[in-house]
Structures are given as C-alpha cells and as structure tokens.
Amino acid sequence: MRRIGVYVCHCGSNIAGTVDCGAVAGYAAGLDGVVTSKDYTYTCSDPGQEMIREDIRRLNLDRIVVAACSPRMHEITFRETVKSAGLNPYYLQVANIREHVSWVTKDREEATRKAKDLVRAAVARVALHDALDVPVIPVNHQAVVVGGGIAGIQAALDIADAGHKVYLVERDPSIGGHMAQLDKTFPTLDCSACILTPKMVDAAHHPNIELLSYSEVVDVSGYVGNFTVKVRRKPRYVDEAACSGCGECASACVLKNRVPGEFDRGLSKRGAAYIPFPQAVPLKAVIDAKTCLFLTRRKCTRKCESACARGAIDLNQKAEDIEINAGAIVLATGYELFDPSGLTQYGYGILPNVIDGLQFERLVNASGPTRGRILTDKGEQPESIAFLHCIGSRDTNNNRYCSRVCCMYSMKQAHLAREKTGAEVYEFYIDVRASGKGYEEFYERVQGEGVHFIRGKAAEILERDGRLVIRAEDTLLGRLIEIPVDMAVLGTGLVPHANARDLARIFHVSVGADGFFTEAHPKLRPVDTNTAGVFLAGACQGPKDIPESVAQAGAAAAKVCALFSMDSMEGEPAVAFVDDSRCTGCMWCEPVCPYKAIGPETVAEKVQGIAVERTVARVNAALCRGCGACAAACRDNAMNLKHFTNEQVLAEVDALCLGNRS
Amino acid sequence: MSPGRITLDDMDSQFLGSLGNHLGTKVGADFANCIQCGACTASCPSAHAMDDPPRRLVRMASLGLWKEMLSGRSIWQCLTCASCQARCPRGIEITGGMLGLRREAGRRLGLPEGMARLASTVDGARNITGDANENRALWCDDMDVRPPAVVEVVQSGVRVDAVYFAGCVASLFPAVYSIPRSVSGVLAAAGVNLAVMAGEEWCCGFPLIGAGAADGSPVNRLETLVRHNVEVVKRTGAARLLVSCPSCYHTWKHTYEKVYGAGLGFEIVHSTQFFTELLDGKRLNPQPREIAVTYHDPCDLGRKSGIFDEPRAVLKAIPGLELIEMRFHGMDSKCCGGGGNLEMNDPALSGEVAKSRLAQACDTGAAVVVSSCQQCKRTLQGAARKEKARIKVQDVAEILLQAVSGE
C-alpha cells in the first residue's frame, strides 16, 4: 500500500474563495492510500513546502499530491520539494484546481465537487508513478541566428563576443535589413547607415561569425542544445570568393536599369546582375534568377561573364544545402511593410506621388534614386506634402494592432521634408504615440518647426487639378478638411513576413492572431519561445523600433549565452519507450512522430532455442519530446510514455469516471 | 451640436443600453469602441450638410446626449450608404446604428412629418406612393409577352422558374418602367418563365426601416409586409425570387429570414446574378455594341450585399463594350444621393450628392453611366438633366436587352 500525502492549496482566496478547501482535504483523507491530507493557505511558500517535507520524513510518505494552480506554474517547485525530502521528484502529481476549477466558475458547490474529482484522479494516478531518472544531455556551443537585420546582427555580435561560434543566416544577398534602407533615425536623427554599416562590417569580419547570405533555413531537427539546422545556400550565380564587388557585371548586364530594385522599393531600376546597394555586406554581385535572360530563357549574350575580369560569374551554380549543429537558435526574421494597394481609397499604385513610408526614406536618402532630393514624379520639388498615419494599422479591416513606429517615422519624415524642401507639411493622425525616450520631445520639436498636425484619419485621396487632395475631418474643430498636396506619404504599418507561418513550422514556434511569432510569456519570458533553445529578437515578434529591437537582440543573446554556460543540461525523462516483447515491428509509430525520434531496430533473440532476428521500433530518447502520438498509434500496446503510461492515465480516467461521484 | 456646457443632467448613461436590437444589429453596442478618428465623417457624402456628422453622433450617443441628437436633423440626412462603416477602423456598425437611432427618435420624440406620412401611406396602400396597388403591373400591360401575375399562375397551376419582385419605385414611377420591362424582356429572350407579383406585391419594408418606422405599434409593420410577401411567393411553388431593386434585394436577402423566423424556402436572386447565369449558360447572345460605359455600384447591392462582379460580368459579355471604372468604385463607390429616404427628407442635399457622383462618372469620358438600380438611375438622371451633362444613364438590364435584341 502506498503512503500518499495530499495538500490542498487555498492560493489565498484564489482557490479558497470558490472551493471549500477544507472539505476537499477531508474528502481526500478517505481515499485509498492517503495517509495525510491537509489544506494550506499558500502551499508554494517556504512554510508550505516545509510542511510537505516534514510530513514525508515524519509519516514516511512515498507519493505526494498537491491540489493547487496549474502544473505549468509550480510543478517544478514541488518536484524540488519532494526531491529535497529524499523522494524521486516524479513521485508528485499536481491537480489543477485553480485554472481548471476556481477561476472558471463562481458556483462553490460545483467547484468543490470538481476539485474533489480531480484530487481523487490524482491520487489514483500518483499511486502508479514510477521513479524517473533525469537524463543529462550535452550542449553544443554554436548558435544559428536567422535574419541579418539590426536585431540579427546585434544578437550575432553579442553571442560571438562571448566567445561562441555563430552562423548568421540572411535570406537576401546582403545583411542590413530594413534599417539599411532608412535615412535618419528618430528621435536623434542619426544617419541610419552610418550607425548600422559598422555593425554590418563587424559581423562580417568577426572571427566567430560565419555569414551565410542569400541563404534560407529549410529544416530544423533536434532539440535544445542539439539542433541540426539545414540551410539552403541559394545560387548567386557569382563565386563569392572570387567576386570583388566591382560592379562591372552590373554595368554590363543587358537588363541594366530595367528591373525595379528592391532596395529603393521600385523607385530605381537595376539589372539582372546587380550589387544590392553600395554598402552591402558582403559586397558581392548577385544575379537575379527571376529576370536574368540566360537563366529564364537561355537566351543572352552573357555580357556579365565577359565583363568580369576575375571570372567570378558562374551561371551554372546550383543551390547547396549545408547542415549546422547548433545548441541554440535566434529568430530575427523581421517584418514586411504593409502593402497599401488594397486600400484603394488612398490610390497607392494608381495615383502618382502617393508613396509608402520606406519609399520616402529612399527618396530622402543621399544614396537613393534622387540623391536625396525629395522630388515628385515630374522631377519637381513638392510645395506641400501630407503624411497619413495608421495606414493598415489600428484598423479592423487590416491589422488591429498599432505598428508603434509609424507616428515617429512620419514625424521624422515631416522634419526632413521641412528641412530639405521648406514645403508645407501636414500630418493626418488619430493619436500621436510618442512614448519612447526622447520621443515626446521630438514631437514637440516637429510641432515647433511648423508642421501642421490635423487630428483626423485621412479618409481618401482625391485627384483634383493635377494635385492630390487629402480628405479628412479635423475632429478637433469638427469640420471637414480638404488639403491639396503634391505628395502623399502613407504611414504604412509593419506586418509579419508573408512566410512567417512556414518559418514557424520549421522552427516549431507559435504564431499569434496578428501573425507575429509568439513569445513564451508576454511579460516574463519575452524572448523565449515555447520551443526550448529557440529565441526571438526584433520585429518578428511584433512591431518594434530600432532601440527595442537591439535591446531584445541583446536579451536573446544573453539567453543563448546562459544556455552555453552549461556543457550539459537536464533532459526530459518523460519519453516514449518500447516493450520489445509486445512490438511487432509494424512501424506505424514512425510516421506519426513529429520529431523523427523513432526508427526500426533489428533485435536478435532465441525462439525455442533457435536464433531469430526481427524488427522492433526504437525511440531515440534524446529526440523524443514526450508528445505521446506514438503511444496512441501503437496497435500492440507496446509503445508507452514514461510518466504518462497507459496504466497511469487509465487509472486517472477510471477514478474520474468510475469512482463514486464525490 | 449646440455650444455650451454639458452637464450630467444632459447625459443619460442608460441611453446606449436602452437601444436594444434592431434587425440583427445590437444598436450602438460597439459605439464605445470609437476612437473618434473622423474617417466616417470624411467618407460620408452628406456630412458637410449635417449639424452633427457621424463621428459626433457616435460620440453624442455614447455620452447619452439623446435629446439634442434625436431632435436634430442629422440622423435623417444619413444615406445609409455604409461608406462610413466600410472605412471605420474599429468596424463599428454605424449604418445599422443610425437606423436604430431613427427608430429611437420615433419612439421618444415621434417621427418627422414626412416619415410618419410615408409610414401611413405604406400602411394604407402597401406601397410608397399611395397609388392603388393594382397599378403595380402597369409597366408590363402593353408588353408583347406580358408575364403572368402570381394570381393567374396560382389559379392555373402553371409552374414558373421565378417570381419577379419589381419593387415600388420600378412599378410606380413611369420614368423607370423600362427597367422592369428590360429585366423581364431579357429573361423572356432566354426562355425563362416568370410571374410578376403585380397587385399582390407589397412594399418590401426597406423604406419603413429607413424611416425608423419598421416596428410600428400595435402591429409590427415590417412583419406584416414580410409575411404577406413570403406567403405569396410560396404559393407559386417557385424556387426563386428575382429582385432587380438593390434595396428590395438587400432587405429580402438580409432581413426577411430574421423577421419571418424561418427559412423562406426559395432563393433570392438579383437580376444581375440571373443575367450572369444565363450568359454563362449561353442562353443569351448579346450583339456587339461599340460603346464606352462606366459602372456605378448601388450601395445596397455592392458595398452592402457584396455583389460587385456580376453586373460587370454582364457588361463585359457585350462584345465591343468598353468598361471604364470610376476612381471610386466597388467598396469605394459613392452614393448617388438616393439612399436612406434622403430624397424625401432633404431633396436639395440628395441632388447635391447625385451631382457629385455624376461628375465622377463624367470624368471617365464614358458615354453611359450604367447602374443596376432604378433609384440610382432616377437620381443620376435627374442630376444629368439639371447639369445638362452629356452622359446617358442606363440600367444594366436596359443595356443588356438592347444588346440581346440587337436594337
């Protein structure tokens, strides 16, 4: 007979306010195997834990049930309690009577009855608990950082500086991300490229960083401390080692100035062979397979080849997959700018001189298509410019969330427009959100520079007498207002990458309703994900400005370094295992395993004295995450999951269903 | 809104909660979510004429300043075109809310004279003009192939493919007779057997909803109309009800089941949907017409019912016809001025809105502005006449019949 102790927690009034904890404890005292049963105000407190330890020693308890909050909250706490009293930590079962009972009803009677049911089930289950040994797994001290924008660069530098090898994987031909496209940064008006490019170069030259540009992660297997990351290196059609970045191929390309360039967001044109932008890292040419005449139609004079003195052009290059072993992964895949063409009332893509926020950045930037001159499509300097806030953000028809950076970037752009052109500038806003350090002061500064702030969401852009007319309500006056301008800049918001969901599947992270990656806890675990060893940095988790992205990248790097401070770590003992005597080797379990942890194994045995070989399923305990899919699929009852054995789970269910209703 | 200080005495905190449900909208329930951005006002075709434009009405309702709000004329200047709602960043049901406020104005302060008159006209004559209801079939009296009335069909036991609900405006305003004539002409050309509701057709209820008079007391007016109309169609055993008026269509499609309390047992089809089906099935053979047209989306059909493609598909099926879109079309389409009973409440404003929309149509350079609504045709044609605009106003049915009959 087991000697079980049951502890019913009040959690202050969280549980006791709804559940009659004394009655539950009294009920539990009468259950089979229960030696002692108590209720207590805060069981997780030091005295609460000491009470359990004391009982274990005094009453020789061998199994413990704590009826309290969710096991996600304090299961580990109580395992430690049990362990410190000399028992195996897995001799504990937590019955969740807070989230599953007291927080979801006000009916005291029903709540108390359900709490009793759950405790009865926990007692039945804990009696069958086995002692489990926690395996020790090694930690690989290499990291993979996915995304080479400011967040990824910062995370890579911080981890590399701590002495760990980092693979920085970037999808585009150059690192730098969106920050490389920006002109000035708010609120300090630092030149974006001036503060970013040194970091890009540092990343490229860091002895601990291996830069994998124009590459994408296509598969991730393994687990924390021991990931295998498969990276596809897309063909550049240029030998990176040989290319000096001179740009002769780009000048020679027969499609030169014919293809809208990504970096200037279509405001300038490039060839099929091109250098992404002057400060690109690596500064290497790339040939765009989607437009190159040779690669698409096999019809081209291949002038790039003859122009390259170093023979670096290789139009036969193929994609190459490499595998990286890593202990941790940082996701820093960033954002995309909201595409406003669906909001036809603003005429983006229909009316000339209606541009998005990043296009304005390129227009005002000295390395941009107009060499920093703000010009309309006719090449004239605008006499007035409107900035429209909340385009695609704070809008149930598109994205409900606030994109957080648009107010500030619109005001920064208003400042630059005033400074460079002296144009009349109108900001159409709903609420100005300027809550960062120095942001409100910047708002005040821009107001003082003569920018007109109109409190009203621009409803539509009309075309009248060759000018754009912004129509809104000045809600502070309660009057309709129509302002003719020469240029309208849409304060387009930030949205998740189009392939964010695919990435989430590859990295086993979750995606929120807004499409961004979800952190493990919104307040207390902001850079962790629900997959151990995978961390988040920057705007892939939600809209962020540069300081926030850099701070989060540092936090993610610190998490990685904390993990790497260990040579080994405790693994999960609750894994699947096979009873060879029952397994027929049908291998139904193999395809249902999401972690590729199951494979066939040949075993030799003697049947009536004759040596025979047969196949059985074998679980790689290091890869198994304990999901139980295999156990459910097994037809022979051969597959079982430790700590969730068929016997334990059935005992729990039987106690719930068959036991006397309390 | 009048200047001066608001006091707690003016603010009725129970007001929003008291509005209750109206035709499936929990009136004002989402007003509290308003962020006062003014996108509604700046999208509203009549806001410039309102004392209290939509944004402020939502605010006043939220604060419970109902005496001032409901006694003003602003709520009666709404075209119910749903432009505000389509662009509201908080997705607030402004149009449904406005109709609920009109009902509330009627309950608390009595309906404005014109709206009360409209309600009693429909009570008495079962149509909006007060004509003898038998006159509803005058439009088809002299047609070569006169579609039978439902009464005849029921008596003779003949099965028809569809019953045609022509609507008050098309049936009783001779200026737009040609729309129902064209609709039935096109269907006849495709060999579809049609019965018309004729004198058995009662107002669909849409104008009463717009008048804040749908409920009525002691008899629920809307329910009376719905029950009658549904029973008449049911008696014929037809599988389909054909509707050409977008407002009737919208009411049949979105309101009737809610009021009737059960499935109607027949399908509601808009004429442009029917036409598209016949064209797809090669049952119509339009002849080429070298003409440039622009299409005006009726609010009740387009923005409010989501039928954008079918009317365009009909036009594109006519060889040689060039469709030039106005800048504001589809979800962005502007009201013709004919919505929300505004023509009765404020004819000058209605005319102004129509003039503005007509100008947008003229800007395309098209020779014809095509709509699929008799009310849009009336208002746009009125504006064209007044402005001496060199643009023809036609209905999709009219232009299709011309193409089919090779006129």
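## A salt bridge between the chains

In this predicted model, the side chains of Arg87(B) and Glu460(A) meet in a salt bridge, with N and O 2.6 Å apart. A salt bridge is a side-chain nitrogen of Lys or Arg within 4 Å of a carboxyl oxygen of Asp or Glu. Side chains of opposite charge can pair when their charged atoms come close.

Glu460(A) also forms a salt bridge with Lys334(B), the closest N and O atoms being 2.6 Å apart. Because Glu460(A) lies in strand S24 (residues 460–464) of chain A and Lys334(B) in the loop between strand S8 (321–323) and helix H17 (342–345) of chain B, the pair joins two chains. Helices (H or I, at least four residues) and strands (E, at least two) are DSSP runs, numbered from the N terminus. Glu460(A) counts as buried at 2% relative accessibility, and Lys334(B) counts as buried at 11%. Buried means under 20% relative accessible area, exposed over 50%, and partly exposed in between (1.4 Å probe, protein chains only).

## The interface

The contact (heavy atoms within 4.5 Å) takes 24 residues from chain B and 24 residues from chain A. Together the two chains bury about 1800 Å², 44% of it on carbon and sulfur atoms. Of the area that chain B buries against chain A, Ala42(B), Pro89(B) and Arg327(B) supply 31%, more than any other three residues. Buried area is the accessible area (1.4 Å probe) that two parts lose on being put together, summed over both. The count of salt bridges between chain B and chain A is three.

## Salt bridges within the chains

Over all chains, the whole structure holds 60 salt bridges. One of them pairs Glu216(A) with Lys234(A), the closest N and O atoms being 2.9 Å apart. Glu216(A) lies in strand S11 (residues 215–223) and Lys234(A) in the loop between strand S12 (226–233) and helix H9 (248–252) of chain A, so the pair ties together parts that are 18 residues apart in sequence.

In chain B, the side chains of Asp297(B) and Arg312(B) meet in a salt bridge (2.7 Å, N to O). Both residues are buried.

## Chain A as a whole

Chain A has 19 helices and 34 strands. Buried residues make up 55% of its 662 residues.

## Basis of the values

Residues are numbered from 1 along each chain as its sequence is written, and chains are lettered from A and ligands numbered from 1 in the order in which they are written. Local features need pLDDT of at least 70 and side-chain atom pairs count only at pLDDT 80 or more, while totals for chains, interfaces and linings use all residues; side-chain values use heavy atoms, with hydrogens and water left out.
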